[in-house]
Amino acid sequence: MTASNDNHGTTPLDIETMLVTAGRDTESQKGFVNPPVVRGSTVLYPSAEALHAHRGEFQYGRHGTPTTKALQEALMALEGPSCAGVGLVPSGLSAISTALLAVLKAGDHLLVCDNAYRPTRNFCNGLLARYGVETTYFDPMIGAGIEALFKPNTRAVMVEAPGSQSFEMPDIPAIAGVAHAHGALVIDDNTWATPLYHRSLEQGVDISLQAATKYIGGHSDIMFGTISGNARAWPLLSEGIKLLGVCAGPDDVFLALRGLRTLAVRLAHHQNSGLEMARWLEARPEVLKVLHPGLPSHPGHAIWKRDFTGASGLFSIVLKPVSEKAVDAFLDTVKLFGMGYSWGGFESLVIPFDCSTYRSATPWTPGGPALRLHIGLESVEDLQADLARGFAALSAA
Ligand SMILES: *Cc1c(COP(=O)(O)O)cnc(C)c1O
C-alpha cells in the first residue's frame, strides 16, 4: 500500500497538533472522528471507460483503502516535509526486507552498522547474499571514516540510531554526507526514536523505516511496519512494495492510526520515566554502566543532543560481573518488568542479551552481564521498588 505526498510542507502546525489532526476527513466519514476499518479487495468501477482508465481514488484493496490513506497522511505529517511517500507493511522486519529488496540488485554492495537489529543481519546474510548482494558490517561509531569501506558498487548504507541493544549512536549526517558523495542511499531503522524525536529524512536519510509494532502501535497488540522515503528513494520503494505485493491488514492499520494519535503523550512519559530510571540505575552499586544516549555519561550523548529531540523508554544496563544464576534470580524476582521480546507498549520489560554472539566488525566486551529494559507507563516508584527486589535476589544468589 502506498501513497504519495502532494501537499507536504504547507502546514504551519506543531508536530503534536499534526499527530491529532493529520489524515482526518470527517466530512467523508459522516462526521465521525475516525475512519472506518475498510475491509476490501474489490473496488467496483462505475463504467467500462473508468475501468479501462483505472480511474478512481481507490482501485484495489492491496493498493490502498480510506483507512490506509488516513494513516499514510498522518505518518507523512509526522515524518516532515522531505517525506515523499509512506508504505504500510505487515511488520517491522518486512519494512526492512522490503526496503532493501526495493533498492538493491544482484552485484550490489551494502554497508550495515554492526549494532543492527539481529534479524536485519539474518536477512542480509541469508536472502540478500543468495541474491548476490554483498554486505559489509561497520563500526556504528565510524562517522565519516565510513569512506574507507565504500566500493564502486556500494549502493546503500543501513544504520540503526541507536542500536536497540547496545545503544551506540551513529553520526547520521556524517555517514549520509559520504554515502551521497558515492551515490548511495541511506536507510535508517528509526524504531527507537520514531520520527517524533528523530526526523531522519530531514537529516540526510533517504529511507526512514520503523517497526510500528513498537511505539506507533504502543499497546503490544499489533505487528506493523512503515517505510518512508524522500523524493529520491520513493519511486524505488513504491515500485518495490507494489511488485512484492506486501500490504497490511485493516485492523492493524486502524490500530496503528489510533496509536499514532496518542504518540506524543506516551513517548514523553516513556522518555521522562526512562531517564529517571536510567539515572537511578546509574547510582545502584550492582550496575557497572547504563547505556542510554540521554545520559551525559553516554559516548553518543553529544550526537543524540544534536540530532534528536527526545529519547524513548528503551535502554540497556551492564551489571557488575555476577553468575548467570544471580542474573536469573533477578529476572525471576522482578514482577512489573515482564520477560519478553519486542517493546514500545505500555508495559515495562526486561531481557538479557549478548551482542558478542553475532557482531562481526566490532568487539562487544561490556564487562558484565547485559540487560535491556523497556520503561513502560507504570509509576517510577513502583518500578524502582520492583528492580530493588530483583537486585536483593541477585545479591543473595
Ligand atoms: C522490533 C524491531 C524490528 C522488527 O519489528 P517487527 O515488527 O517485530 O518485525 C525492527 N527493528 C528494530 C530496531 C526493532 O526493535
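Domain bounds here come from an automatic or database domain assignment, and for this protein chain that assignment gives domain 1 (2-261) and domain 2 (264-396). The C-alpha centres of domain 1 and domain 2 lie 28 Å apart. The structure is a predicted model, in which local features need pLDDT of at least 70 and side-chain atom pairs count only at pLDDT 80 or more, while totals for chains, interfaces and linings use all residues. Residues are numbered from 1 along each chain as its sequence is written, and side-chain values use heavy atoms, with hydrogens and water left out.

How do the two domains meet? Taking contact to mean heavy atoms within 4.5 Å, 42 residues of domain 1 touch 41 residues of domain 2. The area buried between domain 1 and domain 2 (the accessible area, with a 1.4 Å probe, that two parts lose on being put together, summed over both) is about 3400 Å², and carbon and sulfur atoms give 57% of it. On the side of domain 1, Trp192, Tyr197 and Tyr215 lose the most area to domain 2, together 25% of what that side buries.

Salt bridges, each defined as a side-chain nitrogen of Lys or Arg within 4 Å of a carboxyl oxygen of Asp or Glu, number 3 across the interface of domain 1 and domain 2, and a search of the whole structure finds 14. Another salt bridge links the side chains of glutamate 168 and arginine 359, at 2.9 Å from N to O.

The second largest pocket has a volume of about 580 Å³. Of the 34 residues that line this pocket, the closest to its centre are Tyr117, Pro119, Ser164, Lys214 and Arg372. A pocket is an open set of points on a 1 Å grid over the protein atoms alone, where a 1.4 Å probe fits, with protein on both sides within 12 Å along at least five of seven lines, and lining residues have an atom within 4 Å of a point; the volume is the space filled by probe spheres set on the points, which are joined across faces, edges and corners. Domain 1 and domain 2 both give residues to the lining of the second largest pocket, so it lies between them.
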